[in-house]
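Student: I would like to go through this model and ask what lies behind each label. Can we start with the helices?

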Amino acid sequence: MSDVAIAGDPLALPHLLPPVPEHPATVAEFAGLARAVAADRAQWEPLVRYDATTRWYARLRTGPGYEVWLLSWLPGQGSGRHDHGPSSGVLTVLAGSLRERARGTAGETVRVLGAGAQRAFAPGYVHEVVNDSLEPAVSLHVYFPGLTEMTPQRCNSPAAAAVPQPAR
């Protein structure tokens with residue numbers, strides 16, 4: 001037998017519930033937002049366009065303190081090496097594959113990101129993303145706070161030098 005008993009429904013008393021967040025507040029919640037948008041293929045797939053001269057991108061949504069962007073990448077297209085200023089972010093590959101080169105404290109890391117792969121990054125993260133496959137790719141990017149600046153970085157990659165592009 002317990003000395004504590006709750007009379008009635010505690011969920012009926014709003015002051016006992018934790019506040020519902022206005023928007024995602026942690027990296028895990030932003031990654032979850034990206035996964036939720038990615039799962040709603042009917043929302044984003046009809047919007048995808050491909051441009052032979054530059055990467056195509058469109059802002060899908062904004063919320064308090066964040067933006068969600070959809071990008072397409074034809075073979076050979078890349079971002080150039082860049083950071084995202086004061087913004088953190090989550091990159092999710094929706095279709096195809098992308099190669100990411102990132103510079104960190106342990107040196108340079110190269111990853112191939114296939115459909116469903118996610119990368120989260122903090123302010124100051126320097127990377128280059130390139131579609132070096134033979135098929136188009138589509139990616140989703142969540143930035144928080146919303147993207148206000150991107151700083152190009154010196155890059156020795158032949159792929160990025162051959163296709164200079166504004167990064168997103």
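Tutor: Start with a definition: the expected span of a helix is 1.5 Å times one less than its number of residues. Keep in mind that the model is predicted.

Student: What makes the span of H1 agree with that expectation?

Tutor: H1 has 13 residues, so it should span 18 Å. Its end C-alpha atoms are 18 Å apart, which agrees.

Student: Which residues of H1 are buried?

Tutor: Buried means under 20% relative accessible area. In H1 that label goes to Phe30, Ala31, Leu33, Ala34, Val37 and Ala38.

Student: What covers the buried residues of H1?

Tutor: The cover includes helix H2 (41-44), E1, E2, E3, strand E6 (118-121) and E8.

Student: What makes a set of residues a nonpolar core?

Tutor: The residues must be buried, of nonpolar type, and joined through side-chain atoms within 4.5 Å. The largest such core here has 19 residues. Val68, Leu70 and Val142 have the most contacts inside it. H1 gives the largest share, 6 residues. Strands E1 (56-63), E2 (66-73), E3 (88-95) and E8 each give two or more.

Student: What does Val142 touch beyond its neighbours within four places in sequence?

Tutor: Val142 is in contact with Phe30, Leu33 and Ala34, among others. Its contacts also include Tyr66, Val68 and Val90. Another core, of 14 residues, lies apart from the largest one. Leu113, Phe121, Val129 and Leu147 are among its members.

Student: Why is Ser87 called buried?

Tutor: Its relative accessible area is 0%. The cut-off is under 20%. Ser87 is therefore buried. Its place is in the loop between E2 and E3.

Student: What makes the pair of Ser87 and Pro145 a polar contact?

Tutor: A polar atom of the Ser87 side chain lies 2.8 Å from the backbone oxygen of Pro145. The limit is 3.5 Å. The pair is within it.

Student: Where is confidence lowest, and where highest?

Tutor: Helix H3 (residues 158-162) is lowest, at a mean pLDDT of 38. Strand E8 (residues 137-144) is highest, at 96. Over residues 155-167 the pLDDT is below 50. Where pLDDT is low, the predicted coordinates should not be read in detail. The mean for the chain is 82.

How values were computed
Residues are numbered from 1 along each chain as its sequence is written. This is a predicted model: local features need pLDDT of at least 70, side-chain atom pairs count only at pLDDT 80 or more; totals for chains, interfaces and linings use all residues. Side-chain values use heavy atoms; hydrogens and water are left out. pLDDT is the predictor's confidence in each residue, from 0 to 100. Helices (H or I, at least four residues) and strands (E, at least two) are DSSP runs, numbered from the N terminus. Contact means heavy atoms within 4.5 Å. Buried means under 20% relative accessible area, exposed over 50%, partly exposed in between (1.4 Å probe, protein chains only). A polar contact is a pair of N or O atoms within 3.5 Å; within protein, one must be able to donate a hydrogen and the other to accept it, and residues adjacent in sequence count only if both atoms are side-chain atoms.
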